[in-house]
Amino acid sequence: MNAVAASLAPEAPRTAVVLLGTGVVGRALLTLLGTPAAGSLRLVGAANSRRQHVFADGLRPADVPDALAKARDGRDNAPLLAALDATGAGRKVVIDATACTKEATRHAEWLERGYHVVTANKALAGGHLQGWRALQAASAGGAVYGDAATVGAGLPVLSTLRRLRRCGDSLLTLEGVFSGSLSWLFNQYDGSRPFSALLGDARRLGFTEPDPRSDLSGEDVARKLLIIARHAGFALGSDEVEVESLVPEPLRDLDTKAFLERLGELDEPLARRHAEAKAKGKVLRYLARLNQRGRARVGLVEVGPDHPASRLSGTDNQFALTTTRYHSTPLVIQGPGAGPEITAQALLGDVLAL
Ligand SMILES: NC(=O)c1ccc[n+]([C@@H]2O[C@H](COP(=O)([O-])OP(=O)(O)OC[C@H]3O[C@@H](n4cnc5c(N)ncnc54)[C@H](OP(=O)(O)O)[C@@H]3O)[C@@H](O)[C@H]2O)c1
């Protein structure tokens, strides 16, 4: 019997959770919820984009996919919140493992109603400034917003920044590689093979989204930069990040199949950029940057061998924080910044920290 099932008991649990999203990250979290580490939690509901399944006395995480497949009702959050309420738990938590903007817009409302929210979904905190402000106002009420999974898949970036700020330190500049797929692509790219061939490898290895334009557009990196910058006190609007997309203009509006057939059109411009960098003894990296005046940019940059990003490997992320007290050399946080297991662990860690 797994840990969550063993904890099924008539008395109120200390923490009850519902899970939105049973995709790659959601499934990894269901596995973790079945381990002893999650023994103090009661899972009372789960949903995908089409339906939900609830049981206030507690669900076995392993049964969720089957239960969802058999569920009949259309998608509605009310039964999920009602199941949380019915437990009488001291802590009621909505875990958002979707990328759905509609669900993200509800985060502030759930916090206001006293539900803690733990999320991998960046759409609210990394979206319009108005949404960020609503989140800040709602969090002041006592319910907690667990956001470790939104940046660096749980690398201790946001928690470190919060700790520094509590000590009176402040972020001056930020620079880094915030995308596992773009990190891998430019760590590999040495001009010997076309960029499109590497991109094909990255897709097969599961490092990119099924439509790699989600990675190549830079929008996901921009959302992460916005989240960190806002945590650091820069009230940046979503239109204030300059984003260099690696997708050539004519390929942006094609359907996925047509785009994949024309991947070769990425090669020539990137080969030219690579050759220019190489002639100066440099390499290309897709960097996110925030300067002291709050200017934010994500895009391709030539970096020399002494730059920390030039020494990255695999799908590692890197966050270099220069602050008033980490001034002569930056505080660098580096490590795997994508992957379902570590992202799910970041979600579980935020729930257990409540
Ligand atoms: N994968 C990673 O390594 C990673 C790392 C860090 C952060 N993240 C973030 O984690 C989130 C999930 O990523 P993923 O890779 O697991 O995506 P995914 O495999 O595409 O799964 C998304 C899940 O969300 C469900 N969903 C969509 N709209 C919903 C709604 N309104 N209510 C309930 N469920 C809904 C989908 O339902 P259906 O099954 O019905 O389609 C699917 O189960 C994203 O925000 C992503 O940016 C992912």
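1. Shell composition. In this predicted model, the shell around the ligand holds 10 nonpolar, nine polar and four charged residues. The number of residues surrounding the ligand is 23. The closest ones are Val 25, Ser 49, Thr 98, Glu 103 and Gly 339.

2. Backbone contacts to ligand oxygen. A polar backbone atom of Gly 23 sits 3.0 Å from an oxygen atom of the ligand. For Val 25, a backbone N or O atom is 2.8 Å from a ligand oxygen atom. Val 25 is also listed among the closest residues of the shell.

3. Helices at the ligand. Which helices each supply at least two residues of the shell? They are H2, spanning 24-33, and H15, spanning 340-352.

4. How H2 and H15 pack. These two helices also pack against each other, at an angle of about 60° and with their axes 8 Å apart. H2 is therefore oblique to H15. Roughly perpendicular would need 65 to 115 degrees. The crossing of H2 past H15 is right-handed.

5. H8 and H12. Helix H8 covers residues 158-166, and helix H12 covers residues 219-231. Their axes come within 10 Å and cross at roughly 15°. Angles under 35 degrees count as roughly parallel, so H8 and H12 are roughly parallel to each other. H8 passes H12 with right-handed sense.

6. H9 and H10. Helix H9 runs over residues 180-188 and helix H10 over residues 195-204. The packing angle is about 135°, and the axes are 10 Å apart. Is this pair oblique or roughly antiparallel? Roughly antiparallel requires an angle over 145 degrees, so H9 and H10 are oblique to each other. Their crossing is right-handed.

7. Reading the pairs. Two packed helices are described by the angle between their axes and the distance between the axes. For H2 and H15, those values are about 60° and 8 Å. For H9 and H10, they are about 135° and 10 Å. For H8 and H12, the angle is roughly 15° and the axes come within 10 Å. H2 and H15 are the pair to view together with the ligand, as each supplies at least two shell residues.

Definitions and conventions. Residues are numbered from 1 along each chain as its sequence is written. This is a predicted model: local features need pLDDT of at least 70, side-chain atom pairs count only at pLDDT 80 or more; totals for chains, interfaces and linings use all residues. Side-chain values use heavy atoms; hydrogens and water are left out. A residue is near a molecule or strand if one of its heavy atoms lies within 4 Å of it. A polar contact is a pair of N or O atoms within 3.5 Å; within protein, one must be able to donate a hydrogen and the other to accept it, and residues adjacent in sequence count only if both atoms are side-chain atoms. Helices (H or I, at least four residues) and strands (E, at least two) are DSSP runs, numbered from the N terminus. Ala, Val, Leu, Ile, Met, Phe, Trp, Tyr, Cys and Pro count as nonpolar, Asp, Glu, Lys and Arg as charged, and the others, Gly among them, as polar. Axes are lines fitted to C-alpha atoms, for helices over the stretch in contact, and angles run from 0 to 180 degrees between N-to-C directions. A crossing is left-handed if the near helix is turned anticlockwise from the far one by less than a right angle, and right-handed if clockwise.
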